[in-house]
Amino acid sequence: MYANNYNIVRRVMGSVLVRLTRLKTVDMLLFTIVLMAKLYVFSDFIGMSKMRMNGEDAFIELGAVLLTIFWTIWLPPRGRIIALIIINMILSFVMYADLIYYRYFQDLVTVPVLMQMGQVDSLGESINTLLAWKDIIFFIDWVVIVPFLVYVIWRGRGDLRRANEQAGRTSVPLWRKAVARIIISVFVFLLGSNLVFTNIEEAKRTWAQGIFVGAWWNVSIYNVTGELGFHGFDIYRYAKQNWFDTSNVTAEQASESKTWIDERGDARNQLEKDALFGAYKGSNVLMIQLEAIQNFMIGQSIGGEEVTPNMNKLIKESAYFSQFYHQTAQGRTSDADFAANCSMQPVGNGSVFIQYANHEFDCMPETLKQEGYVANVFHAYEGGFWNRNTMYHNMQYDKFYSKKHFTLNEKVGWSLGDKSFFQQSLDVISEQNQPFYSFLITLSSHHPYTMPADQHKLNVGELDGTIMGDYLQSTHYVDAAIGELVERMKEEGLWDNTILLMYGDHDNSIKDMKLFETFLGKSLSEVEQMMIMKQVPLIVHLPRGEHAGEYPNVGGQIDVTPTVMHLLGISTADKYMIGMPLITGQSVSGHKVVLRNGYWTDGIVFFMPSADGIAENGKCWNIADNALTDINGCLPGVEEASTELAMSDQIIANDLLADYKKQDATVAQAGTKDDSSAQASAGAQ
């Protein structure tokens, strides 16, 4: 009975194999239909209505399918069938992996994620909640194609040969096969390329401008390229960043970079002798990154009401830095996060979070965890945005509380309103073990600053209906949320044993300077305009309100982590950081803030580079006089600024910190052995 059934199944499979080999390209057509169906299901299961597959998306996906399989035409019929089945199985698994990963991380699997499989460990027991019976649709065809694949591999060759002999089929000349395959494969390749790249180029020209440059969220790229196109782009992006665009750093260059950054550590070490080093040892740290909050609004009023009354009040009992600069580039919010937490310059193109998330850094969460702190990060948005899931895993936070961890009970702007965000975050923070480091990233004041009508509390006068008016309303709302946060910290008993630090992440993207002049009630010079766009507030409230006052010395986001470490008494002499502590017991002279576009300032002069890149053609402004001064006064600083950016880029792009740490470990191990040998020798004597 078993033999009869086996023979029947084999004859059926043999008949199917013969027909597939004789009906040219039917196997490819079947493959395309099945895969397109799965891609449509994938877009539906993702559950983002604005990204569900439409006609244009279908053409892009079809083109990607054709580009995936055009080469199989060169294989003999049996080999092509085997290849198509295997490709089907691989792509089905990729789609399913993306779906599961998206359900938890709101992102798609990338090459760096595959190389950091430890991140998937965070799914833990949650994996069961991510599975659904309907997902079986991705594998339903496996019931047929897997047995058929086994048959084709083990029995297909012989059965196919016998079928051809019985039919009296003669072999086609090799040259005719080659010509036919060339023509068909070229046609399929050109058709696929046209369907993919024509539609993508149109999107890049219209609604998706700059999306591949910023690459802030993998799902946004998927929305343009489709599922298969995204993974093609991801492989290209990874290869370009890690293989093609990397310059081989010589031993001399690596040594030069290490010497340069070691000198920064030596400079911080010299400051560790003052009274403020360790003055707040063991304190909790609550740091807030404020979305698009700029310094020009601090202390200002409109319509008879303060724009930021709560921050103004807080400043009176805090250290307030009135010449503090954001150092972001294309990475925007992620750049600010990276600079403040890892004390390195962001890269000039793209984002470190996207491009170098698997590289080695000395970031605040990791350092504080080594000192016994609990380190968590809170942001009520999609976890995959700016590749945060991967980067935060690398930065060694204990947990990332993303949008899915919050109850969305107050919709403001892009997501949860900051008032509810702060309160829900504090629900978690108040239950944490101490000491803790909690990093909160706000979102309500995100461009384009659309606030609910009931949150328009200010009378903005002639700015009503303008983007500046909307910006002021959103800033006023965020300020109110900060006020509630401070009161809650006092209620929870956290106020007197916590360092509360907050800073703006970047400018507000409002380019019309006339709006700024209207709000401030004065005309602005070129340097004033630039300083307004680059300055963000830095407010550091220390326990018991100590060391409060305005600090006019310049600082930048890369100085944040060294400042916190200095106050906690944690040495950064051996940490690979660029920044310097800003709150010290001894005065620090000569500190400069270098901006990513080559601008720099020491608080006395402000240098603006020229478009041609020639330092002598730049502008050197005297800040106090609001006037241009001799360019020669800025030239020495230009070289220092250029060196800082070049060294930081070289270290980040080539993952040199990983090499430096290995060198340090080797030296330390050798030193330990030498000490042991010396002790043994002394004992023998």
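How many salt bridges does a search of the whole structure find? The count comes to 25 salt bridges, and a few of them get their own views below. Keep in mind throughout that this is a predicted model.

**View 1. Eight strands line up in an open sheet.**
Here we look at the 8 strands that make an open sheet, running in the order β7-β6-β10-β1-β11-β12-β4-β13 with mixed pairing. The edges belong to β7 (399-401) and β13 (549-551), each of which pairs on one side only. On average, neighbouring strands of this sheet are turned by 15 degrees against each other, ignoring direction. Helix α21 (residues 560-568) packs on the sheet and touches both β1 and β11 (498-504). The direction of α21 makes about 170 degrees with that of β11.

**View 2. Strands β1 and β10 pair up inside that sheet.**
Zooming in, strand β1 (residues 284-290) and strand β10 (residues 436-441) run parallel, and 5 bridges join them. To find your place, look for glutamine 289 in this view: isoleucine 441 of β10 stands opposite.

As a bit of background, nonpolar side chains in soluble globular proteins tend to be buried together. In this model, the largest nonpolar core has 66 residues, and Phe361 and Tyr437 are the ones that touch the most other members. Which residues does tyrosine 437 contact, leaving aside its neighbours within four places in sequence? The list takes in Val285, Met287, Asn341, Met364, Pro365, Leu368, Tyr373, Val374, Ala375, Asn376 and Tyr397. There is also a second, separate core of 54 residues, with Phe406, Val412, Val460 and Leu463 among them.

**View 3. Cysteine 342 and cysteine 363 make one of the 2 disulfides.**
A quick reminder: a disulfide is a covalent bond between the sulfur atoms of two cysteines. In this one, the sulfur atoms of cysteine 342 and cysteine 363 are 2.0 Å apart. The link is right-handed, with 95 degrees about the S-S bond. Distant parts of the chain are linked here: cysteine 342 belongs to helix α13 (residues 332-342), while cysteine 363 is in the loop between α14 (352-355) and α15 (364-370), 21 residues apart. Are these cysteines buried or exposed? Cysteine 342 counts as buried because its relative accessibility is 0%, and cysteine 363 is buried too, at a relative accessible area of 2%.

**View 4. Cysteine 620 and cysteine 634 form a disulfide.**
The sulfur atoms of cysteine 620 and cysteine 634 are 1.9 Å apart. The torsion about their S-S bond is about 70 degrees, so this disulfide is right-handed. Cysteine 620 lies in strand β18 (residues 619-622) and cysteine 634 in the loop between β19 (627-629) and α22 (635-653), so the bond ties together parts that are 14 residues apart in sequence. Cysteine 620 counts as buried at 1% relative accessibility, and cysteine 634 is buried at a relative accessible area of 0%. If you number the bonded cysteines of the protein in sequence order, the pairing reads 1-2, 3-4.

**View 5. Arginine 264 and glutamate 644 bridge two helices.**
The closest N and O atoms of this salt bridge are 3.0 Å apart. What separates the two residues in the chain is 380 residues, with arginine 264 in helix α11 (residues 251-271) and glutamate 644 in helix α22. Arginine 264 counts as partly exposed because its relative accessibility is 21%, whereas glutamate 644 is buried, with a relative accessible area of 4%.

**View 6. Aspartate 135 meets arginine 103.**
The side chains of aspartate 135 and arginine 103 come together in a salt bridge (2.8 Å, N to O). Aspartate 135 is in the loop between α6 (127-130) and α7 (142-166) and arginine 103 is in helix α4 (residues 77-105), so parts 32 residues apart in sequence are tied together. Aspartate 135 is buried, at a relative accessible area of 1%, while arginine 103 counts as partly exposed at 23% relative accessibility.

Aspartate 44 is partly exposed, with a relative accessible area of 32%, and arginine 52 is partly exposed at 30%.

Conventions. Residues are numbered from 1 along each chain as its sequence is written. This is a predicted model: local features need pLDDT of at least 70, side-chain atom pairs count only at pLDDT 80 or more; totals for chains, interfaces and linings use all residues. Side-chain values use heavy atoms; hydrogens and water are left out. Two strands pair if DSSP finds at least two bridges between them. Helices (H or I, at least four residues) and strands (E, at least two) are DSSP runs, numbered from the N terminus. Axes are lines fitted to C-alpha atoms, for helices over the stretch in contact, and angles run from 0 to 180 degrees between N-to-C directions. Contact means heavy atoms within 4.5 Å. A nonpolar core is a set of buried Ala, Val, Leu, Ile, Met, Phe, Trp, Tyr and Cys residues joined through side-chain atoms within 4.5 Å. Buried means under 20% relative accessible area, exposed over 50%, partly exposed in between (1.4 Å probe, protein chains only). A disulfide is a pair of cysteine sulfur atoms within 2.5 Å. A salt bridge is a side-chain nitrogen of Lys or Arg within 4 Å of a carboxyl oxygen of Asp or Glu.
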